[in-house]
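Open the model in your viewer and keep the sequence panel beside it.

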Amino acid sequence: MSSATVRTPDPTGAVRTTADGSGPSAAECGLRERKKQQTRAAIHGAALDLVTARGLSGVTVEEICTAAGVSTRTFFNYFPSKGDAALGLGPSTVPEDARAAFLAGTDSLVADCCDLVARTVVLPEDRRGMQRLVRARPEGVPTVLKRMTETRTRVAEVAAERADADTARTAVTLVMAAVVEATHRWAPATRPELAARLRDVVTEMGRLAAR
């Protein structure tokens, strides 16, 4: 008698099927993901409120955890620092599928960097909250800049697999500058939309540079 088929998530987030009867069901995976989103939102909300009211130096991670109802261990599973939590910024890493797509790309280096950056950069889910926090507490700006710098470094390392290091760094710096402008003008809902906006801004930058 064959064992029941069970659907479990693979590391990419897709759902795969196993036939050994082990692993969580699709419903269980969906519930787990919703709980993760709720926990992340609770931590971010607590950090945002506390840091906006008292400043970054006036709040501890422990106080954020108490307000969010989580442990410090859980906090650091979602955010690397209280500044990142207040801004809603998680750690940025280049997804392996994004890296593979970039290395297999046939468009120009800059155009493909737009896709790579769009699939890597961590944008705040709560843009209004982030903008309100930065206006009220400018000391949060270095956290934003640090995250952007980390993203640029990681993406440039991948870009250097297709071009020399100097060219790769320049291309990625150009696209990261476009991120700032694109997110200032629009609120891209998806990563493909962000990639398209980045290409638009980069093209505009090129026209301005040629004048």
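**Stop 1: an aromatic cluster.** Select F75, F76 and F79, which form one aromatic cluster. Rings of Phe, Tyr and Trp (its six-membered ring) pair if their centres lie within 6.5 Å; planes under 30 degrees apart count as stacked, over 60 as edge-to-face and the rest as tilted. That rule gives two aromatic pairs. One of them joins F75 and F76, edge-to-face, at 5.0 Å centre to centre with 80 degrees between the planes.

Now colour by accessibility. Buried means under 20% relative accessible area, exposed over 50%, partly exposed in between (1.4 Å probe, protein chains only). F75 is at 0% and counts as buried. F76 is partly exposed, at 46%. F75 and F79 are both buried.

A word on the model. It is predicted: local features need pLDDT of at least 70, side-chain atom pairs count only at pLDDT 80 or more, and totals for chains, interfaces and linings use all residues. Residues are numbered from 1 along each chain as its sequence is written, and side-chain values use heavy atoms, with hydrogens and water left out.

**Stop 2: H44.** From F79, move to H44, as F79 is one of the contacts of H44. Contact means heavy atoms within 4.5 Å. Leaving aside neighbours within four places in sequence, H44 also touches A85, A86, L87, G88 and D126. H44 belongs to helix α1 (residues 26-54). Helices (H or I, at least four residues) and strands (E, at least two) are DSSP runs, numbered from the N terminus. H44 is buried, with a relative accessible area of 12%.

**Stop 3: the cavity.** Select V51, L56, G83, A86, L87, L133, R137 and G140, which line the largest cavity. On a 1 Å grid over the protein atoms alone, a cavity is a set of points where a 1.4 Å probe fits but cannot get out, and a pocket is an open set with protein on both sides within 12 Å along at least five of seven lines; lining residues have an atom within 4 Å of a point. The structure holds one cavity of 30 Å³ or more. The volume of the largest cavity is about 40 Å³, counted as the space filled by probe spheres set on the points, with grid points joined across faces, edges and corners. Helix α4 (residues 82-87) gives the most to this lining, three residues.

**Stop 4: the second largest pocket.** Select M130, V144, M148, V180 and T183. Of the 25 lining residues, these lie nearest the pocket centre. Show α7 (127-136), α8 (141-159) and α9 (165-185): these elements each give two or more residues to the lining. The pocket holds about 690 Å³ of space. What classes make up its lining? There are 16 nonpolar, five polar and four charged residues. Here Ala, Val, Leu, Ile, Met, Phe, Trp, Tyr, Cys and Pro count as nonpolar, Asp, Glu, Lys and Arg as charged, and the others, Gly among them, as polar.

**Stop 5: charges over rings.** Select R162 with F102. The charged end of R162 sits over the F102 ring, 4.7 Å from its centre. Such a charge has NZ of Lys or CZ of Arg within 6 Å of the ring centre and within 35 degrees of the ring normal. Then select R197 with W186, where the distance is 4.2 Å.
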